[in-house]
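Here is a short tour for anyone opening this one for the first time. Have a look at the picture, then read on.

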Amino acid sequence: MSGIRAIVLITALLSGLLQAAELKVAVVVQDPAQVSLQGNLLPSSTPGADLVAVTDELAREICRRIKARCSFSHVPFAEILPGIEEGRFDLGFGNFLRSPEREKRVAYSDPLFRSSSRLIGKPATARTFATKLGQPVSLASLRGARVAALEGSQQQAFLDGIAGERELAVLATSTTAEALDVLRKNGADFALLPIRTGYALISRDKAQHFVFVGPAVTAHGLGDAAHIVLAKQKNALRHAVNQAIAEIKADGTYLRIMQRHFPVFLD
Amino acid sequence: MATADNQHRPSAGKAFAILAGVFALLFGAVVALLAVTQHRVLDAAERLQRETVPEIIRFQRLARNLDQLSHEGERMFSSVTPEDRQQALFLVMLVASHPSILEHSQAAVMARDTEAYLVETNRLAMRDPATLRMRYPEWLRISQRINLLVDDLLVQGANLATTDLNDMADAMRAARLKLLGALILVGGFILLLIALLKQHLIRPLQRIDHALSSLDVGRPTPEFPDSRLAEIHAVEDATGRLHKAMVSNEAARRELELLANRDGLTGLINRRHFMVNAEAEIRRAQRYERPIVVAIGDLDYFKRLNDTYGHGAGDVVLRTFAGLLSESVRQSDLVCRYGGEEFAFLFPESTVEQAHILVERFRQRFAEHDIQLPSGLLVRVTISIGLADASHCPLDIALQRADYALYEAKRLGRNRVIVAAEAD
């Protein structure tokens, strides 16, 4: 009896090993110091470490659910899409918003969460611009300002699109922490960041230099669902990832991961 | 066999095909109606699953996020340090920036106003913490409005499902009515089918069965009421024809039997038929211990008659003899032409004495009877007869004894009846 059990166990293990796919996973970093580091070795003092940790944990859970052996690379946002296209990465965890341009390049998983974009700046700068503009600062009213945004992001694409008309100077940074650094050093007046990222960064800023400026925006591709990206031809992988997302949302795993890193759960 | 009459009657196959076609059409119509209702139910279920449930979840998420907004606002007022207030305010801004709130106009306005009120409160509290207490009542009113909106959203979400569920319930009720209609239709059709089968198939078949089982040449040809189905009518016709054929066959059989059992010249039964019947009669008489007698008679000088007047004259004598004999014996007596001018007799239920009287009377009558020959000449012919009791011996023995008695009658001068002596 024990012999049969052993054979069954060995067969199951072997079949599991044979089925286990090797996946290369890219996780977006928020600070240059986090590049090329593994999740559990991330310096917790670096800006946005929580965001990287939650993304990392989510990626590991999905890998576990799809029975894949994943190797993780922590890279700047702008490297993920080219990496997926070139086959260097199988899955890209960067909370990607949908856009027609990206649709041509990569495939999307089902949504992970929903996001919007919001300007961040110093209160004094906001007041100065409000006076100059004659109205409260918002993305709709902003004109003649230097605005930082994450390189390769929807925010940067949007700003590039209106820069000429609004006389904006767009500063692309490789990480979100760098965008805040630029603000801190008066290299830019505002930064346009995803709300969750913005919150994670300014709420951990001990000096409390920054505030959200103007209302949040979801129009112009600056908000709504955030996704994992993967190569367009990998349909089976996409189905498996979607299945895993549905599972972790249904059984509460996703909620627990979020609650470990964020004080509120927004869905 | 198809007759001209049958060509005007519907065949059973065609009649039932029409009936089945009508039923199929009606049932198909009901099934189509049910399919429409089923489609409606499936549509409602799919709409519930694809649109309504996600919409309900959206309402619930929005309500939860607004509740979170209210909760974080409350936390800002209860925070002790400016840092904690700022953290609570950041969370308020995070929640107020969520797409679920931004895409709902009423919630978006409320969140924007709430955020603005809390930002201003925080700004004032930086200068004078007492401001928090002063602005708290207004916050309670804002918080109450948020909570009312949360309640409204939850109710709206629940109401979305009610519409779809009511639609499904309506469709199910309609389906139930249609199913009932289908049931009545099927039941009605089955009853109609049974009635038609009984009237046009089962009862005619029973009548045919009864007619066939009692079909006899002694009975009249069976009569059937007019059948509507061609096949039934054909079988009824065939039954009538069968009866007529049976009657005709029976008549032919009887004629053949007559020809086989009778002597062609005299019309009396022949020797074979006599022997068969006599054997049976003797067995029956002996079984019931009843008297029975056999006799053998022979026309006297018949050969000489033939030689003198020709065979035609002999035939006339034989026919005359047979005619007289038929008039003289009882219905139950058997007489046959035993061969040539020899005749055999069987007298059931008669003692030797009774039979003797009978044959003696006949002998006398025949002897006195003038027979007109074909030439016109009148002649008289006599007969010698030997009688024997057959009550206690087999037929052949009894005939042998009768034959001895006949011989004795011839020897004693002819034209007489001699009774055989009792058997030892």
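## A helix tucked inside

Helix 8 of chain A is largely enclosed by the rest of the structure, because eight of its nine residues are buried. The buried ones in helix 8 of chain A are A:I195, A:R196, A:T197, A:G198, A:Y199, A:A200, A:L201 and A:I202. Keep in mind that this is a predicted model.

Helix 8 of chain A also turns up around another helix. In helix 7 of chain A, residues 176–184, the buried residues are A:T176, A:A177, A:E178, A:A179, A:L180 and A:L183. What lies over these buried residues of helix 7 of chain A? The cover includes strand 6 (117–121), strand 7 (146–150), strand 8 (169–173), strand 9 (190–194) and helix 8 of chain A. Just past the end of helix 7 of chain A comes A:N186, with a positive phi of about 60°.

**Chain A as a whole**

Stepping back, chain A has 10 helices and 11 strands. It runs to 267 residues, and 45% of them count as buried. Take the contacts in chain A with a separation of 6 or more: 72% of them are between residues 24 or more positions apart.

How confident is the predictor here? The average pLDDT of chain A is 87, and 90% of the residues score at least 70. One stretch to treat with care is residues 11–18 of chain A, where pLDDT stays under 50 and the model has one contact beyond four places in sequence.

**Where the chains touch**

How many residues of chain A are in contact with chain B? There are 19 of them, and they meet 17 residues of chain B. On the chain A side, the elements giving two or more residues are strand 5 (113–115), helix 8 (195–203) and strand 10 (211–217). Helix 8 of chain A gives the most, with four residues. By class, this side of chain A splits into nine nonpolar, six polar and four charged residues.

**Two helix pairs**

Two packed helices are described by the angle between their axes and the distance between the axes. Here is one pair from each chain.

| Helix pair | Angle | Axis distance |
|---|---|---|
| Helix 2 (residues 49–65) and helix 10 (residues 253–261) of chain A | about 160° | 9 Å |
| Helix 5 (residues 131–213) and helix 6 (residues 230–261) of chain B | roughly 10° | within 11 Å |

Angles over 145 degrees count as roughly antiparallel, and helix 2 of chain A and helix 10 of chain A are therefore roughly antiparallel to each other. Their crossing is right-handed. Helix 2 of chain A brings A:D50, A:A53, A:V54, A:E57, A:L58 and A:E61 to the contact, while helix 10 of chain A brings A:T253, A:I257, A:M258 and A:H261. That contact has five nonpolar, two polar and three charged residues.

Over in chain B, the angle makes helix 5 of chain B roughly parallel to helix 6 of chain B. Helix 5 of chain B passes helix 6 of chain B in a left-handed crossing. Touching here are B:P204, B:I208, B:A211 and B:L212 of helix 5 of chain B and B:I232, B:V235, B:E236 and B:T239 of helix 6 of chain B. Sorted by class, those residues come to six nonpolar, one polar and one charged.

**One last residue**

B:D113 sits in helix 4 of chain B, residues 105–127. It counts as partly exposed because it has 14 C-beta neighbours inside 10 Å. Its C-alpha atom is 8.9 Å from that of B:I142, which is 29 residues away along the chain.

How values were computed:
Residues are numbered from 1 along each chain as its sequence is written. Chains are lettered from A and ligands numbered from 1 in the order in which they are written. This is a predicted model: local features need pLDDT of at least 70, side-chain atom pairs count only at pLDDT 80 or more; totals for chains, interfaces and linings use all residues. A residue is buried if 20 or more other C-beta atoms lie within 10 Å of its own, exposed if 12 or fewer, and partly exposed in between; C-beta atoms are placed from the backbone. Two residues are in contact if their C-beta atoms, placed from the backbone, lie within 7 Å. Ala, Val, Leu, Ile, Met, Phe, Trp, Tyr, Cys and Pro count as nonpolar, Asp, Glu, Lys and Arg as charged, and the others, Gly among them, as polar. Axes are lines fitted to C-alpha atoms, for helices over the stretch in contact, and angles run from 0 to 180 degrees between N-to-C directions. Angles under 35 degrees count as roughly parallel, over 145 as roughly antiparallel, 65 to 115 as roughly perpendicular and the rest as oblique. A crossing is left-handed if the near helix is turned anticlockwise from the far one by less than a right angle, and right-handed if clockwise. pLDDT is the predictor's confidence in each residue, from 0 to 100.
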